[in-house]
Amino acid sequence: MVEPIRMTSREDRERALREAGYNTFLLRSEDVYIDLLTDSGTSAMSDRQWAGMMLGDEAYAGSVNFYHLEAAVREHYSYKYIVPTHQGRGAEHLISRAVIKPGQFVPGNMYFTTTRLHQELAGATFVDVIIDEAHDPASPHPFKGNVDPAKLDALIKRVGADNIAYLSLAATVNMAGGQPVSMANVRELRKLCDRHGLRMYLDATRAVENAFFIQEREEGYQAKSIKAILFELCSYTDGAWMSAKKDSLVNIGGWLAVNDAELFEQLGNLAVIYEGLHTYGGMAGRDMEALAIGITESVQDDYIRARIGQVRYLGELLMEWGIPIVQPIGGHAIFLDARAFYPQVTQDEFPAQTLAAELYRDSGVRSMERGNVSAGRDPATGKHRYPRLELTRLTIPRRVYTQAHMDVVAEAVKAVWDARKSTRGLKMVFEPKYLRFFQARFEPL
Ligand SMILES: Cc1ncc(COP(=O)(O)O)c(C=O)c1O
């Protein structure tokens, strides 16, 4: 599918930015030139996927497309039982409700916005057990998504295994810059969980991209296919939730999968209340078909090399020009280090939000904030969480843009970098209660 893009004047963008309260989530897409807001649901579908859309079986129950999806998840992600959901957060909601008892703790390798919120709404406290290197944008560690087993062990000793709902493991870690976990780490975590009778559930949203990094960097995996690595990675975990809008190359959809038959019954029952019948979970039959096909396309070695290669192309250009980004370059996006852009802007003045606004104003390129605004407030104290990372994310949609678009983006970032010294921060003038980064509004200081 080819879509037109529209060039805008600086005047147009000034107006659009003001109307959007300096929040790139509130811009109209028609006012955007190159859209790197997210890789979620923004992929171009293939000819095979569009053909699959014509084979939608829109029966309310037992659609043939559900069984294709179920087979694809079993074959590629290893799990036995699958509940489709409308997208990732639908799956996060169901698993959190089903397995968290109020007052429990959920350790994980860095928070993700919607994941942590559903864990908190179910009564849990999230505890970050990622390795320290993940919080340092300049650390070259090859697996910055790894869990620190000593941190997990210390939590188990402190609160007791009975007070831990499960280990929440993300592959790759979005908020750390699209950073992978190693197979060795996941294997070690499996053993640790077994010793304490703990379950480990995977956020599989970008697990295919994680498999690419394992193939590239971990000893013994160079000759294995992405498909085999993905399967092995998932096989160490007890289940997974999935936002299929990323790795699986569809515009909408998700699923939840587990190996425990009793838990599956419970999840299927919750799905009926919150998502839709357990054989469609909020998706149309045609969407499930496109997803089943997207899963098979996502694990092709040549495709994933090209996809991550394009992200690297942009990142390497920026690095050549001395622009500070999170290293090593991750799977789905380039993360600009907003603190290094704007040392004069305090975290209360939202440097990463400021950078996203400046980039849009200057070029029409849309990015998003991943810093103090995204981290939100601590529910216990009501204070900003002040994460160490203040990042602005340039997220690359899959199979959409060309290398020439990446050149334009790099030049746009360079222009904002060159003007960095005179930039001032923002003041938050409207703050919604949940997931404030989506809808908050700002004014220039
Ligand atoms: C790592 C991760 N987990 C979960 C989600 C939630 O998925 P969705 O947006 O489909 O609800 C996302 C999406 O942004 C994500 O990046």
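**Around the ligand and out to the loops**

Okay, let's start at the ligand: one of its oxygen atoms sits 2.9 Å from an N or O atom in the side chain of Lys246. That makes it a polar contact, meaning a pair of N or O atoms within 3.5 Å; within protein, one must be able to donate a hydrogen and the other to accept it, and residues adjacent in sequence count only if both atoms are side-chain atoms. The protein covers 94% of the 390 Å² of accessible area that the ligand has on its own; such areas come from the Shrake-Rupley method with a 1.4 Å probe, and for residues only the protein chains shown count as cover.

Quick note before I go on: this is a predicted model, where local features need pLDDT of at least 70 and side-chain atom pairs count only at pLDDT 80 or more, while totals for chains, interfaces and linings use all residues. Residues are numbered from 1 along each chain as its sequence is written, and side-chain values use heavy atoms, with hydrogens and water left out.

Back to the ligand. Ser243 has a side-chain N or O atom 2.6 Å from a ligand oxygen, and for Gln87 a polar side-chain atom is 2.8 Å from one.

Now the whole chain. We've got 17 helices and 14 strands. The radius of gyration is 21 Å, close to the 22 Å that the globule rule gives for 445 residues, so the chain is as compact as a globular protein of that length. That radius is taken over C-alpha atoms, and the rule is 2.2 Å times the number of residues to the power 0.38.

Most residues other than glycine have a negative phi, and most peptide bonds are trans. But Ala171 to Thr172 is cis, with omega near -15 degrees, and Gln327 to Pro328 is cis too, with omega near -10 degrees.

Leu249, between strands S7 (239–243) and S8 (254–258), has a positive phi near 65 degrees. Is Leu249 buried or exposed? Buried, at 0% relative accessibility. Arg399 has phi near 60 degrees but is partly exposed at 34%. The cut-offs: buried is under 20% relative accessible area, exposed over 50%, partly exposed in between (1.4 Å probe, protein chains only).

Note on methods:
Helix = DSSP H or I, 4+ residues; strand = E, 2+ residues; numbered from the N terminus.
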